[in-house]
Structures are given as C-alpha cells and as structure tokens.
Amino acid sequence: MTVRALLLILWLPVQAAAQGFAGLGTDADGFAVPTPDPVFDFPKDHGAHPDYRIEWWYLTANLTGPDGTAYGVQWTLFRSALAPETREGWTDPQVWFAHAAVTTPDRHLVAERIARGGIGQAGVTVDPFEAWIDDWRMSGLDVEMLDLTARGTDFAYDLDLRATGPLVFHGNGGYSVKSAQGQASYYYSQPFYEVSGTLTLPSGDIPVTGAAWLDREWSSQPLADNQSGWDWFSLSFDKDDKLMGFLLRDDAGGVFSSATWIASDGTTTAYPDGAFRARALEWHEVAGRDVPVRWAVQMPDRGVDVTVTALNPDAWMALSIPYWEGPVIVQGSHAGRGYLEMTGYD
Amino acid sequence: MTWVTLTALLSHWRCNRLQFFALVAGLALATALWSGVQAINAEARASYDAAAATLGEGQFDQLVPRSGDRIDQATYIALRRAGWQVSPVLEGRLRTNAGSVRLVGLEPLTAPGTIAPVGMSEDANLDDFLTRGVLFAAPDVADALGRTVAQRIITDPSIAPGVALTDIGVAQSLLDAEGRLSRLIVSPLQPMGLPPLEDIAPGLLRQPAQDAGADRLTDSFHLNLTAFGLLSFAVGIFIVHGTISLAFEQRRSMVRTLRALGVPLRTLIGLTVLELSLFALVAGGIGVALGYVIAAVLLPNVAATLQGLYGASVAGTLQLRPDWWLSGLAIAVLGTGLAASGALWAIARMPLLSSARPRAWAVASGVTARRLGALAVLLFLTGIGIAIWGQGLTLAFALLACLLIGAALILPLLLRSAVTLADRQARSAMWQWFWADTRQQVPGMSLALMALLLATAANVGVSTMVSSFRVTFVDFLDQRLAPELFIRIEDTAQSADLEAFLLTNASDVLPLLTVDTDVAGVPTELYGVRVGPTYRENWLFLDDTPDVWDRVEAGRAVVVSEQLARRAGLWTEDTVTLAPDLTLPIAAIVADYGNPLGQALIAEPLFRQLYPDVVPVSFGVRSDDPDRLRRTLTEEYGLPDAAITDQARIKAFSLEVFERTFTVTGALNVLTLAVAAFAILMSLLTLASIRVPQLAPAWALGLTRRRLGQLELLRAVVLALVTTVLAIPLGLMLAWVLLAYVNVEAFGWKLPIYLFPAHYAMLTVFALAAAALAALWPAIRLARTPPSDLLKVFANDR
C-alpha cells in the first residue's frame, strides 16, 4: 500500500460528497461545512479544526542569498480527517502529512512526512503556537513570531519569521468561494513576514533574508466534481501591494477565478470570478508532463498586466501527491516576486 | 520499373508459400525465444530492484531494546521528533481456543515500502485498517482468530503460517500492551544531520539488516538467466541466418533473370533490403508477441522462485518493457541484416550471365568447411587464452562466446569427418552413395544443425548448472541449518542464563562465539564452535584432510571458508595465523555461499582462551519438538519472538523454490529444442526441391521412392545424432565455464560441478526425436514425389 493509495482513499469520499449536493448543506459523513460571514476566534482558529475534512498551514518564502541568488522555501502541514472527531491514541482518525522544499535556480529539493494524530507525532497547539510533524516545526509564542524548520535527506532550513502587518481575509471576510456551485473554504493569510535564517544545501550553509506568506485554509468540500486542478498565485509587488489569485480549471476547459488585492496596510479587496485572468505563455516538460512555467497575469481593475516566470521550471514536487510548486519572478506593469502552485497536470 | 521489380521479387513468395512461411516463422521464433527469455529476465530484475529496498522487515535495520523486550511508545515519539525515520512494530502471542497466533502490529503510514498485507487494497481500505481494526490472517489461523477477536478477519494466503497482521493500535489493545512496542524499523532514507541514537534513546540498540547475503544469491540466479538469454540469442541468430541464406539461395535464378532484363544492381539490392527489413519487422513483431506469451506462461514460476527463495516480490503481471521488445525487434532486424549482407555481397558480385543453378553443389566442396574449421580453432585458442590469462566478468562471457561460436563453426568439419569415416566402412554401393550424399547435405543443413548443437549444448549446460547449484545448495542448507532453531540475543548479560535454560530444555545447544578479525589480510568472522555430532554429521567440505573435527576439537587445526582460502591463496594443510601467537594448519575448506566475508572456525575452548571477554549471543538449538521449545522460550523464558529463527521452515521453503526453478529451466529447454527442430524441418523442406536432380539418378538406378524416403529420414537422424553427441561435451564445458569461471569472477566462490548422465541420455533421445519428427514430413513428401517429377530431371538435363 502506498501513501498515494491512502491519499486516493482520502480524496474519494470528498469527491463522492461533492457530487451529492450543490452548494451548501451538511456533509453526509457528519463533517462541518463552511458557512458565509464567519467570525474567527484567534488564537484558537490558528489551531486545527478536526470537524472539517481538510486543513492546511501553508508557508512559502522568497529568499535571497548574500550573492543575490534567489531561493524559494515551502513548508506545508496538511491535516486530513477520516472522521470528524479526535481520539486519544492510535485510533485517532486525523492523519497528518507535510511537504517541504527548497528551490534554487537550478535545483529543487523536496521531502515529505506522514503521521497519525493522537500519539504526539504531529499536530498543532495554539498557545504557544506550534505546528509540527516529526522534527519539522513551525513554532513561536504566537503566529506573529515564528521559528520554521524542516529537513530532508539532502537539505534543511531554519528560518525566523516576523510579521510586519495584519492577518488578511480572502473572499467574503474569510469565506472563499471555490466554484460556481458554491463550494467554499475558510481562508485567511499572513502575507507580511520578514524572514532571516539559514538554508543548508548539499553545497553548504547559506544565510538568507526575504519575505514569507502563510496561508491558512480549511474546508470539507474543496472542489466541485468537475474541477480538475488549480493554478494558484501569491504575488508580492515591489510597491508593497500584494495579489492572491487562483484559477480552478474544470474538465470542459472552463475556469473559475478568484482574487484578493492586498494593500500595503493590509486592507483587502476581494474580486469575484472573472476579474483575475491568467494565460499560459510557455510550457515546460517536467516529470513526463507539460506544465505552464510562464504566465500572462492580468487584473485590469488594478492595472496589473505582468508576466510571471518560474525561477526554476523544474520545481516539481515528486511526492505521494505530485504537483508543481515554486518561486516566480514578476515583470511588467508591476515587478516583484511570488509563489506559484499548479495541480492537476497529469 | 521499381514497382515491377518489387512485384517480381515478391511474386517469388507467392509461388513458394512454404518458403515464405519458413522465413517468417524462423525469424519470429528466433525473436520469440530471445524476447521471452529477456522478458522474464527484465521483469524479474525490475521487480526485484523495486522490491529490494522495500522488502520484508528483515531487509531493514531495526532498533531493539538493549534489555527486556518492550520499547516505550514515548521513545518512538522522541525519535520521530528528533527526525529519525522509524516505524513501530509490536509483536506478541494471542491465545485462541485452537492454540496461539503470532500477532504482528504495524504502522502502515510510516512503515518503509510495502510491508502491509497484499490483500489490503482489495478487501479493506485504510480507513478500516487505521480506525476500525482489521486483521489479516494466514489461512491456518483465520478461523480460530475469528472466534476470539471482535475485529474483522481477512484471510490472506501471502501471510506466513500462524501469523496475523494488524494495525499497531489494534495490536496494542489485543495484546493488552497499551503504549508499548517491540521494535522499530529504521527506514533506509534518513534526513541529514540526525542526532546520534544514544542521545535520544540510549536504551535501544541498532541491529543491522539480516539477510544481506540474499542479494548475492539472487545475483547468481540472475546471472544464470542472463547466460540463458545469451545462449538463446546465439541459437536465434543461427536460425535467422539459416532462413535468410536459404531464401537468397532459392532466388538466385530470379535475380539473374531480373538483371539480364536490365534492372540496375543498385535498384535490385535496394529493393531486396527494403523487402527484408519489412519482413524482419513484421516477423520480429510476431516474435515479440510470442515471446510475451511464453513469458506470461512462465512468469508465475519465476516470480514464485524469487519470492520464495529471497523474499523478493516479483509482480505476477508482465509489463511490455521497451528494453526487451525493442531488443527483440533489434535481434530480428540485425540478425536479418547480418545474414543478408553476405548474400547481398554475393549477388553484387555474381557475374551477370553466370549459371543460375543453385549452388548446392558449389558449396559442397570441403574448402568452406575447412575455412570455418580454421576460424573455429582460432576462436578456441582465443578462449583458452582468456581462460588462462583473462580476468573479469566481461572476459568470462567472451570466453563463453568463443566456445559457443567456435563449436558451431567447427561443426560442419566434424560432421564431414564423421560421415567420411562412416563412408570408409560402407560395404555396398547403396551405402556408399548414402554417405556420399549425406556429406553433400552437410553444408545445406549445417546452419540448422548448428542451431541444434547450440540448443542441445545449452540444455546440457544449463541443466547441469542448475542441478549442480541445487545439489550444492541442499548440502549447504543441511549443513548450516542443521539445528532446528537458531536464537540470537542482543543482551550479552543474558547469555549465560539463556544457555543454562536451553541446556535443560533442548537436546543439544551449540553456542556460537564470534569476533570480526583479519586473517591473512582478509576481513574474517572467526567462530568458536562446540564440536559435536551436529558438526561431524552434517558438514561437507570442498576439500579436507583426515580427522578434521578431531583435530579442530583438540585445538590443533582450523576450518576456513572458500572465500578466505581463495583470497588468501591458501588451501588445506597450509598454515594460517589466526592471532598473534596462534598459527594452525587448515584442516578443511568449507563452502560459504553468498558471504562477502571470510570465515574461520576453531574449537570453543581455544576461542575462549583467545577472547575471554566474548560471550555467545547466538545459539543453534537441536530439539525433537522445535514448536514446543519455541513456545517455552517465548512464554516461559520471555524471549522475543523475533529472536528465534525456525530453520526447518527456511530449509523446506528453499527446497521448494528449487523445484520451481527447475520447472522454468525445463520449459525453456523444451522451447529451445522445439526451435532447433523447426530449423531442421525448414532446411530439409527447402533443400527438398533442390535435391530432386540429385535423387533422380538414384531412383533411376532402382531405389524405390519409399526407400529414398527412409534413407532421407535416417540421414537426418544420423546427422542429429552426431550433432547431439558433440553437444554433450560442449554443454559440459559450458557448465564448467559458468560454474567454475563466471561464478568465481562474479561472486568469488566456485560451485562444484555434478554430472547427470541419465539426464543427458534422455536429452539425446529428445533431440533425436525432434530431428526425426522434423524430417518426417520431408521424407514422406519425397516418398510421394510423382515419378514424372523425377523423370523431368532427365528431360531437362543439360
């Protein structure tokens, strides 16, 4: 049995449930589903929501070495529930897994971990804050000041993160709609981290500084049954504005888009389907498939007309669930850096 | 004109459908043989490679408690949180009303590779396994378990008898061992910069993976398969060559006619090449498909062989791997190209107006045979040179190639000589004619006979090799696995206590004292053994001196392994220095297959004198009732189940596996013979038409057609007999090279060669039967040739 089979098992009930209803409602398996106009309760909501089926703590960082070389770092902890509850010990139905990566202009190093809940091998506590799996850890007194570590067979990193702005909420106050049928998630971010720390690569230690972006999202109904994958952009412009935008692709070739404009003071503007546009300009073969690695991204409302190019086109996450995730360079009407995640390119 | 020429060339096949069938079938069969063997080989290899890293638990390092048999679950969490990639296992005995079951609890998310039960994907999903509790049980305990536990039971025949697998959490609750573990499996891939084990879990000991030697034996088995692949390649090339040469021979007159009509030589050659490439691709494709079928039929056996013997899992399904179907097509195309180049050269040089008479007479001269013979001698000399001065595996295979090709090339000369010898003994005119005519046939049939020679030699060689391997290995198993149980403990403090317990419960206890040392510059395991009947009765030596064990027991001699002896350049009666003040003569050399280290055995008292601090941690235990003793040890003495190895079961398993290996070898043997027989049939059929002018005078002189047919059959059998008789020594030489040369080059140990005369006799009968069967139809056809055809020969006589 492979982990991939496990994830398929986890994925199938989601798909089956998604087919059963359009829009909102109560999940047949007893999982809670997001409802509009959420009221968040922090720091409690930085922690896990076991009555929802899936959840993640998703951190990406654009870093620079002493010689100006650009680097990217990813640290993601996923929670996937087999049942909407927690139990002590091995019978806990919460399964945790995590992905970590370091991207350089010519290398992409990845690792993954998987663990059961209930025994202390993985989990999230909120006061003080700690999200961990094995020795990978994102911890601090609260999410404003974090220490981030992970390592694989050929890389490691240890970064200090300090938030310089407020949390931002996507969609309607943190209620982010994911399809025309109404599938939705709770979604907020902390996109204002300043970062300093050390990357350990096969060639040695490298001191780095830069910026990081944490996404928090949980739901029980992530995609509609006809949706096949997504292209997710988090772009930080040199003028201190930020843009989060994603396309959800469906089987028929259509897309559902959503975006959030984040001003430098943290005020947000949410954009509905259609306002954010992204078009693939250049494809690259990686792991036996073609993946777009250069995009034309436009948001006319904000005068955005940029080209988004992968720092390393081979940033393929060759893990149990394979996907593309890596740092990008932004050029055009706005210049900057960011991260791109692409799934469903089989 | 090109088109017309092409249709003219192709029309030949329309008029001679049999020849067309022979060409396509010959090419297809040769490809099938090669690609079938390759498919099995590639599949077994790929599956083994994939599985090698992620096999059963024995393949991985383990963390076990230094004392006691339980690990606190908190230690596991501490290790994980320090970055150590380990996976927990809990083992214990579960009482049922029909006896006890060995329950193994695993953690499927962290366990390296696929050590979870095979049936899981079909009968239960992970959700069930993790949160509701499912037990996968061997068939013999499933019923009893079902009445004892509340969890769902799934019967899975791939699980060892007496064992049930389940999730670690379920195992903890069933065994009433909450928060406790037996051992931790260490994943082969660990992150960089791990803190040392002692800092996090000082109470644990890292035990290295157990069966590292299995790889070497598996390699040896694969080498055998590779050798078989090469042999089938050689047989295939000869068949392709034969088929193509005959096809050209038959079309010489047409080529001359076309040339005379004004077709340019270049066009003609170009079209022929095009035509042949097309045939090669089509026939090669058919061959690959056929090979796939062969492999699919044989693969379950190969899979079972590897799985049983080495624990390597070979997927039972066959995949179309590009490397073997491409190599199959390449064989067809290259073989055709190789065979056709000579023929095309001949066409290019053929004088425009030369006689189109088939060259059956021309090649009959002994010159060709003698030239080939000279080439063969050259190859043999090269082979001898390699055998004496050469080193390395590549050269060992070159030696094999020299031997095989040389033997094939010298065959026509030897056949001619044999026939000439018989001719001298002939008394009557008819027999003189028969032998002379047989000599005439030798060149025409020589390619088919070469194929038969190689096929038979391959059969003799491979059977001898596999049988010798089996005999040797059975002896080896008898010797090494003589004690019914083998116990290995980690805590040296427990040693004396355990030995005392064993002495009162078992019929004989054989403590094994060991240190790693250097003997004559070779890394060696030095053993101190308690010499007794087990050693005296079960150990066989490659070479020994009188009273081996008496001398060893008295501390006056040492037994060393073959690896040590060969690497140190020592043999029996040479002396070897084991310790600064201990030099002993070697009393015997013992085989130790698959061990990269050397071994030396001395008596227990002498060993204790040399290394007073070493206490035994391994014990061989003789017992009439090993099952009961095992239960006593685990339940009364509290020894962890993993510390005890049931050697009788391993032995039975290994023996069963060799039977399966035989099935595969046997099937491939039959196949090669069948292909050779087909080659004979086809050459006889194609020769038949050419031979009418040669037979007509004999018929005119009074030999009946029936008699001619009988003689034809006899001729084929005689030629096959001579070939087979020559094949046996060739096959034995082949086996010798494989066992004594290739194996030593590859693994450092030599397998003794055993002869199986009854098998060779049977093989000869089979080969003759195959040849007779192949010749039967041409002979019948000859016997039924209308007299008018024979008369026509004289009418057309030039």
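Me: In this predicted model, what percentage of the 798 residues in chain B is made up of buried residues?
Reply: Chain B contains 25 helices and 20 strands. Among its contacts between residues at least 6 apart in sequence, 81% join residues at least 24 apart. Of the 798 residues in chain B, the buried share is 44%.

Me: Which strands of chain B stand at the edges of the eight-stranded open sheet?
Reply: The eight strands of this open sheet follow the order 6-5-7-4-3-9-1-10, with mixed pairing. Two strands of chain B have a single partner strand each, so one side of each is left without a neighbour in the sheet. These are strand 6 (152–155) and strand 10 (204–207).

Me: Which residue of strand 4 in chain B is the bridge partner of Leu94(B)?
Reply: Strand 3 (residues 86–96) and strand 4 (residues 99–106) of chain B run antiparallel and are joined by eight bridges. In strand 4, the bridge partner of Leu94(B) is Val101(B).

Me: Which strands of chain B does helix 6 touch as it packs on the sheet?
Reply: Helix 3 (residues 73–81) of chain B packs on the sheet against strand 3, strand 9 (183–186) and strand 10, its direction making about 160 degrees with that of strand 3. Helix 6 (residues 139–148) of chain B also packs on the sheet, and its direction makes about 170 degrees with that of strand 6. The strands touched by helix 6 are strand 3, strand 4, strand 5 (134–137), strand 6 and strand 7 (163–167).

Me: How many residues are in the second, separate core?
Reply: The largest nonpolar core has 139 residues, and those touching the most other members are Leu59(A), Trp96(A), Ala212(A), Leu145(B) and Ala164(B). The second core is separate and includes Trp325(B), Ile405(B), Ile728(B) and Ala735(B). Its number of residues is 101.

Me: Is Arg180(B) buried, exposed or partly exposed?
Reply: Arg180(B) lies in strand 8 (residues 180–181) of chain B. Not counting residues up to four places away in sequence, Arg180(B) touches Arg70(B), Ile71(B), Asp72(B), Gln73(B), Leu90(B) and Gln172(B). A residue counts as buried with 20 or more other C-beta atoms within 10 Å and as exposed with 12 or fewer. Arg180(B) has 18, and is therefore partly exposed.

Me: At which residue does helix 24 of chain B bend?
Reply: Helix 24 (residues 757–783) of chain B has 27 residues and spans 37 Å from first to last C-alpha, close to the 39 Å expected. Its buried residues include Ala771(B), Ala774(B), Ala775(B) and Pro778(B). The helix bends by about 35 degrees, and the proline Pro778(B) follows within four residues of the bend, which is at Leu776(B).

Me: Which residue of strand 20 in chain B is the bridge partner of Ile487(B)?
Reply: In strand 11 (residues 485–488) of chain B, Leu485(B) and Ile487(B) form a covered face, whereas Phe486(B) and Arg488(B) form an uncovered one. Four bridges join strand 11 to strand 19 (residues 618–622) of chain B in an antiparallel arrangement, and there Ile487(B) stands opposite Phe619(B). Strand 11 also pairs with strand 20 (residues 644–646) of chain B in the antiparallel sense over three bridges. In strand 20, the bridge partner of Ile487(B) is Ile644(B).

Key:
Residues numbered from 1 in each chain as written. Chains lettered and ligands numbered in written order. Predicted model: local features only at pLDDT ≥ 70, side-chain atom pairs only at ≥ 80, totals over all residues. Contact = placed C-beta atoms within 7 Å. Pairing = 2+ DSSP bridges. Axes fitted to C-alpha atoms, helices over the stretch in contact; angles between N-to-C directions. Core = buried A, V, L, I, M, F, W, Y, C linked by C-beta atoms within 7 Å. Expected span 1.5 Å × (residues − 1). Bend = angle between axes of the 7 residues up to and from the residue.
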